[in-house]
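Reader: Can you walk me through this one? I'd like to go residue by residue, then look at the helix packing.

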Amino acid sequence: MQQGTLMRKVKSKSWKKQRYFKLQEDCMTIWYQSKRTGKTESAFSISDVETVREGHQSEVLQSVAEEFPPERCFTIVFYGRRGNLDLIAGSAEEAQCWVQGLRQLIEPRSFPLTFALVSCTWIRDWFQKADKNKDGRMNFKEVQRLLKMMNVDMNEDHALRLFQDADKSESGTLEGEEFVLFYKALTQREEVLSLFQEFSEDGKKLTLLELVDFLRQEQLEDEGTEELAMELIDKYEPSETARARHVLSADGFLMYLCSPEGSIFNPQHRAMWQDMSQPLCHYFISSSHNTYLIEDQIRGQSSIEGYIRALKRGCRCLEVDCWDGPNGEPMVYHGHTFTSKIPFREVVSTLGKYAFKVRHPSPGAGGRGWSSVGEDTWHAEGSWSCWPPAVQDLRGQGLWRRWVAQGASLSPTPQELKHKILLKGKKIGRLEDTLDGPGDEVPDASDDDNGAEAEEERRRAKVRGTQHGSALQKDKENLAQALSDCVIYCKNVPFRGFQEARSHSRPSEISSLSEAKARKLIRDEGNEFVRHNAWQLTRIYPSGMRTDSSNYSPQEMWNVGCQIVALNFQTAGTEMDLCDGLFSQNGCCGYVLKPPFMRDKETLFNPSDPSSREGPSPITLTIQVISGQQLPKVANSKEGAIIDPLVRVEIYGVPADQAHQETKYIENNGFNPRWDETLQFQLHVPELALIRFVVEDYDKTSRNDFVGQFTLAFANIKPGYRHIHLLSKDGTSIPPSSLFVHIRITE
């Protein structure tokens with residue numbers, strides 16, 4: 001990769017500034033500086049980069065497409081909510097040099113290499129931060145400064161002893177391998193060493209049989225244990241001699257515990273492990289609300305980035321609000337508000353590129369990769385006169401092709417719908433009419449408003465032969481045939497009660513409910529709601545009062561089997577943590593199979609009465625929170641400040657299971673805090689439970705500050721001694737921050 005390359009940094013069509021970009025010698029940091037002043041503007045780490053896009057794949061670069069060819073343009077995309085960096089190179093060759101070079105640096109590697117690389121990068125980063133005079137050496141004063149930066153409040157005598165032990169050259173400074181020795185002494189894991197020695201006869205190694213005993217007794221691995229032990233030694237033992245002797249050293253034992261096999265998340269559930277041949281209504285489906293918005297609901301920016309981010313997060317149901325634009329071109333934005341607008345054809349083009357590319361977190365590490373899975377559902381709203389050209393855009397992108405399941409099924413499966421797109425919207429007539437021939441030309445409307453319900457009533461009245469007055473006829477809505485033809489399996493119908501739905505609705509139809517309406521139904525008719533969702537899709541959307549794009553709790557909607565629980569993906573918080581936690585399993589395909597008692601149309605289950613669930617008795621979840629490792633500092637904290645961490649475990653599920661407990665806080669130690677506290681929970685409906693681990697910085701005078709979290713479904717927990725690799729508010733990994741816990745599940 002070239003260094004000190006002059007490129008244009010673009011923020012808008014009128015803002016294009018030349019900057020020098022350079023890859024630092026560590027091959028992990030890129031800085032850029034102004035051509036005019038020579039002053040360094042900013043720097044970023046390669047570990048912050050999620051991906052690199054070539055060509056005009058951002059709205060900013062699309063705005064300058066006539067001025068600069070796509071071969072010279074590329075976009076650096078960062079994890080989380082940090083803005084993209086749009087760049088224009090001096091030539092196509094220069095652009096390719098940066099694109100390919102960056103991709104090689106961020107390309108996912110196998111976990112053992114990644115684990116070692118993360119540690120190596122972490123050490124190098126700290127060394128460079130603490131080496132204030134940049135002489136490549138570190139004196140004791142700089143080491144003391146480093147400890148503060150690393151969240152460590154260490155006794156000065158102890159710190160000096162570690163420093164002197166590592167200073168093999170007796171030069172009074174640490175450099176190269178000496179600093180590595182110091183770092184290793186600093187990060188010695190006493191709790192892991194104690195566990196290792198408990199199963200090791202000589203305290204120096206685990207023989208194959210000793211490792212098998214550990215795996216069976218503590219990790220509850222009961223199938224193919226000897227083969228697993230051999231595999232772990234081959235994979236994680238750093239010494240070739242030890243591998244040849246089939247033994248595991250203390251270093252290899254630690255590497256195993258920090259690996260996917262040592263994660264709290266069952267690695268077998270990271271891949272697609274559930275039956276995908278059930279009807280669509282038998283799955284929870286990852287869904288977003290007003291997907292195009294990346295800010296608030298009134299004046300926020302509409303952007304194709306909203307679609308890209310949601311799709312890469314595993315979202316399978318997107319919302320496209322389409323309205324009349326200039327010259328008959330359809331535009332996407334939040335109607336009747338001041339949000340910005342984006343052309344529908346840009347949305348379609350973006351969906352064509354990203355609809356079937358879904359992230360796969362690197363097990364336990366939060367990294368991202370790509371795979372083509374699942375089908376996509378578009379929820380369409382807005383004005384309808386713009387839809388004929390919109391349908392042409394769909395056809396032009398190769399995204400529209402009529403398809404009907406074999407056997408004229410009214411309820412297709414995710415397996416049948418793989419690599420297909422469903423359009424959820426209004427439709428003339430019924431699916432049966434689509435299958436059998438021309439249908440009723442009377443349009444029936446739907447969805448979230450009273451006008452939709454009035455239109456549906458007019459349709460039903462006509463079928464019964466009742467004549468409507470001129471006032472009702474005046475309100476009759478015209479629906480474009482081109483749009484109606486696109487809607488096959490997700491026809492919107494208004495919800496008029498569960499009895500009405502059983503009598504008149506079909507599995508190929510779907511109703512949308514506000515969060516308030518859904519809560520009332522949950523409270524008054526919980527069991528009926530569960531039964532309804534066993535045969536028909538239900539979509540839940542946020543209250544119109546959530547103008548700040550805040551979210552409601554999706555858990556209470558999942559408790560009654562609602563499939564399409566639409567959230568504002570742009571807003572970080574507990575609600576999105578729950579969403580990410582539920583859908584991080586099953587290959588991140590965006591579909592999670594509901595428990596058997598929620599797929600039975602005659603079920604007796606009611607979330608307000610756990611005893612109505614047919615199945616085993618309640619289980620007890622016991623969590624020993626042992627320690628934490630290299631926890632991050634709180635954002636915007638004062639220099640030299642060290643966190644006082646505590647761990648809170650939160651249970652989300654049916655009302656009887658909702659609970660939380662927390663450890664005491666540890667003063668001034670974010671580097672290697674030890675809690676050794678046991679928390680215990682009883683779960684009545686574990687099939688619906690989500691477990692959220694939260695680390696906070698304790699503050700006795702104000703609200704605790706967020707440090708990190710990790711959320712997963714109870715079904716994905718692996719018992720035993722496990723590491724929990726923490727995520728940020730944005731759901732991105734913050735290596736090497738983790739918790740070490742011991743999990744037990746008993747009936």
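Reader: Is Glu650 buried or exposed?

Author: Glu650 is at 8% relative accessibility, so it counts as buried. Buried means under 20% relative accessible area, exposed over 50%, and partly exposed in between, with a 1.4 Å probe and protein chains only.

Reader: Before we go on, where do the values come from?

Author: This is a predicted model, where local features need pLDDT of at least 70, side-chain atom pairs count only at pLDDT 80 or more, and totals for chains, interfaces and linings use all residues. Residues are numbered from 1 along each chain as its sequence is written, and side-chain values use heavy atoms, with hydrogens and water left out.

Reader: Where is Glu650 placed?

Author: In strand β28, residues 645-652. Helices (H or I, at least four residues) and strands (E, at least two) are DSSP runs, numbered from the N terminus.

Reader: What does the side chain of Glu650 make a polar contact with?

Author: The side chain of Arg648, at 2.8 Å. A polar contact is a pair of N or O atoms within 3.5 Å; within protein, one must be able to donate a hydrogen and the other to accept it, and residues adjacent in sequence count only if both atoms are side-chain atoms.

Reader: And which residues does Glu650 touch, not counting those up to four places away in sequence?

Author: Ala659, His660, Leu690, Ile691, Arg692 and Val694. Contact means heavy atoms within 4.5 Å.

Reader: Switching to Ser286. Buried or exposed?

Author: Ser286 counts as buried because its relative accessibility is 1%. It lies in strand β12, residues 283-288. Leaving aside neighbours within four places in sequence, Ser286 is in contact with Gly314, Cys315, Arg316, Cys317, Phe569, Cys579, Phe583 and Gly590.

Reader: What about Thr350, buried or exposed?

Author: Thr350 counts as buried, at 5% relative accessibility. It is found in helix α13, residues 344-354. Beyond its neighbours within four places in sequence, Thr350 is in contact with Ile304 and Ile308.

Reader: How far apart are Thr350 and Glu305?

Author: 45 residues in sequence, and 8.9 Å in space, C-alpha to C-alpha.

Reader: Helix packing now. At what angle do α7 and α11 pack?

Author: About 110°, with their axes 10 Å apart. Axes are lines fitted to C-alpha atoms, for helices over the stretch in contact, and angles run from 0 to 180 degrees between N-to-C directions. That makes α7 roughly perpendicular to α11. Angles under 35 degrees count as roughly parallel, over 145 as roughly antiparallel, 65 to 115 as roughly perpendicular and the rest as oblique.

Reader: Which residues meet there?

Author: Val192, Leu193, Leu195 and Phe196 in α7 meet Ala250, Phe253, Leu254 and Leu257 in α11.

Reader: And how do α5 and α6 pack?

Author: Their angle is about 140°, and their axes are 8 Å apart. So α5 and α6 are oblique to each other. Among the residues making the contact are Leu162 and Phe163 of α5, and Leu181 and Phe182 of α6.

Reader: Which residues of α4 are buried?

Author: Phe140, Glu142, Val143, Leu146 and Leu147. They cover an arc of only 150° around the axis, which puts them on the same side of α4. The arc is that of the directions from the helix axis to the C-beta atoms.

Reader: Last one: how many helices and strands in the chain?

Author: 22 helices and 34 strands. Of the chain's 747 residues, 55% count as buried.
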